[in-house]
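Here are some exercises for getting to know a new structure. Have a go at each task before you read its solution.

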Amino acid sequence: MLKHDAVGGILLLAATAAAIVLANSPAADWYESLRSTKFGPESLKLNLSVNSWASDGLLAIFFFVVGLELKEEFVAGRLRDPRTAAIPVAAAIGGVAVPSLLYVLVNLDSGGGALNGWAIPAATDIAFAVAIIAMVGRFLPPALRTFLLTLAVVDDLLAIAIIAVFYTDDLAWAPLGLALLPLLAFGFAVQRGIHAWWILMPLAFATWTLVHASGIHATIAGVLLGFTVPVAAKARRGKVRRGKAAEGGFHAHDGIHGAEGHGPAARFADAWSIPSAVIAVPIFAFFAAGVDVGGLSGLAESLASPVAVGIILGLVLGKPVGIAVSAFVVTRIRGFSLDPTFRWVDLIGVSCLAGVGFTVSLLIGDLSFGEGDDRAQIVKVGVLCGSLLAALIGAVWLAVRNRHYRLAGRTHDLVRDGGMTRSSA
């Protein structure tokens, strides 16, 4: 039961609701004190707040699982054809460019450095987006979730690149270069079939620590580690172990496990899916989602600011427009087309859901204005309202499409059963 995406989604939304309630209640001081409590060795630059440990550390586990999923898809799944993979990649680029452009247009005459926040609506919060589609999209085509995963990961990689280039004044190249050593050692070990936790865990932690010390958002380490894990299982003693992939496999895609059995990427994803969905992501949401809106008066005042308007328009309107238009342009090129299992109307629903910015958007907001700036609170309100609105629109849209596929599946089953009955007669 815990491995089901919907369970993780329920826990995620419950943690989010609890955080918002606490941040706007008499317990707000206690909640903020808990978030800001620091621990960890300063010598390794790991004396971090609880909030930072959750967003940079625990969320890396989630990104590790996502990296494993995408590795399977790119190597042996739906994305192994570059023409299929190019569409969500192009959509991610459009989904970053158009929201940023909308924000700039809204804040052109604002002055006071408001344009520093141009990248705030550029990011998609993959944890929230995947949780929502899991809750409302049980009957949606699996390829649609893969499209969202690819889109969101590329989107986050672009956002992290933007942070590194435009919002990081002191990028440390030495730790970043040194991070390659444990990363390569981790990849070499898993490629050789070494899966002992006491070998892999220290290498993974070393990679994460060095990436964090470089100034780049440390969750990128999770994706990179996931990409090093091989997909195909090696045959042992010349015997092919058939049928193991069918025993509760990670995904039922043809060719991912094949005749070689349950591959390392699938086994790792299966092992880490519960810690990711049940522990890491809900804890991250509990500490990330606590935004104090300042009551009704503070909320109204913040929403009247061009900064908040630009963020909300970017997330709610810019994301779906940028994603859908970019995907449409690419599919006009000969040889490029959507996965045949879903339609454009489904892609638009996913595009709306991609407007859930939250984590990285809040991070870019902090880097853009800083905690002492009056606009820091406005950014939080804009990100929260824009993300909630995008989540609501995307969830309702996909729930309607989910009902369509559920009814279509029932009709197909009735026709099939009726045909079998007539054949038997």
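T219 has a relative accessible area of 2%, so T219 is buried (under 20% relative accessible area; over 50% is exposed and in between is partly exposed, with a 1.4 Å probe and protein chains only). Before going on, note that this is a predicted model, where local features need pLDDT of at least 70 and side-chain atom pairs count only at pLDDT 80 or more, while totals for chains, interfaces and linings use all residues. Residues are numbered from 1 along each chain as its sequence is written, and side-chain values use heavy atoms, with hydrogens and water left out.

**Exercise 1.** Find the helix that holds T219 and list what T219 touches.

Step 1: T219 is found in helix α10, residues 219-228. Helices here are DSSP runs of H or I with at least four residues, strands are runs of E with at least two, and both are numbered from the N terminus.

Step 2: Leave out residues up to four places away in sequence, and T219 touches S55, D56, L59, A60, F63 and I160. Contact means heavy atoms within 4.5 Å.

**Exercise 2.** Get an overview of the chain: how many helices and strands are there, and what share of the residues is buried?

Step 1: The chain has 16 helices and 2 strands.

Step 2: Of its 425 residues, 50% count as buried.

Step 3: Look at contacts between residues at least 6 apart in sequence: 80% of them join residues at least 24 apart.

**Exercise 3.** Describe how α6 and α14 pack.

Step 1: Two packed helices are described by the angle between their axes and the distance between the axes. The axes are lines fitted to C-alpha atoms, for helices over the stretch in contact, and the angles run from 0 to 180 degrees between N-to-C directions.

Step 2: Helix α6 (residues 142-166) and helix α14 (residues 344-353) pack at about 40°, and their axes are 10 Å apart.

Step 3: The crossing of α6 past α14 is right-handed. Right-handed means that the near helix is turned clockwise from the far one by less than a right angle, and left-handed means anticlockwise.

Step 4: On the α6 side you'll find L144, F147, L148 and L151, which meet D346, L347, V350 and L353 of α14. Sort the residues of this contact and you get 7 nonpolar, no polar and 1 charged. Here Ala, Val, Leu, Ile, Met, Phe, Trp, Tyr, Cys and Pro count as nonpolar, Asp, Glu, Lys and Arg as charged, and the others, Gly among them, as polar.

Step 5: Now zoom in on V350, which is found in helix α14. V350 counts as buried because its relative accessibility is 0%. Not counting residues up to four places away in sequence, V350 touches I133, L144, F147, L148, L151 and L398. V350 and A395 are 45 residues apart in sequence, yet 8.8 Å apart in space, C-alpha to C-alpha.

**Exercise 4.** Count the salt bridges and trace some of them.

Step 1: A salt bridge is a side-chain nitrogen of Lys or Arg within 4 Å of a carboxyl oxygen of Asp or Glu. By that rule there are 4 salt bridges.

Step 2: One of them joins E69 and R145, with the closest N and O atoms 2.7 Å apart. E69 sits in helix α3 (residues 50-76) and R145 in helix α6, 76 residues apart. Both E69 and R145 are buried.

Step 3: D155 and K319 form another, at 2.3 Å between the closest N and O atoms. D155 lies in helix α6 and K319 in helix α13 (residues 306-331), so this pair ties together parts 164 residues apart in sequence. D155 and K319 are buried too.

Step 4: D346 also pairs with R401, the closest N and O atoms being 2.5 Å apart. This links helix α14, with D346, to helix α16 (residues 375-424), with R401, across 55 residues. D346 and R401 are both buried.

**Exercise 5.** Count the aromatic pairs and describe F205 with W208.

Step 1: Rings of Phe, Tyr and Trp (its six-membered ring) pair if their centres lie within 6.5 Å; planes under 30 degrees apart are stacked, over 60 edge-to-face and the rest tilted. The whole structure has 13 aromatic pairs.

Step 2: F205 and W208 are stacked, at 5.9 Å centre to centre and 25° between the planes.

Step 3: Ring pairs link F39, W53, F205 and W208 into a cluster.
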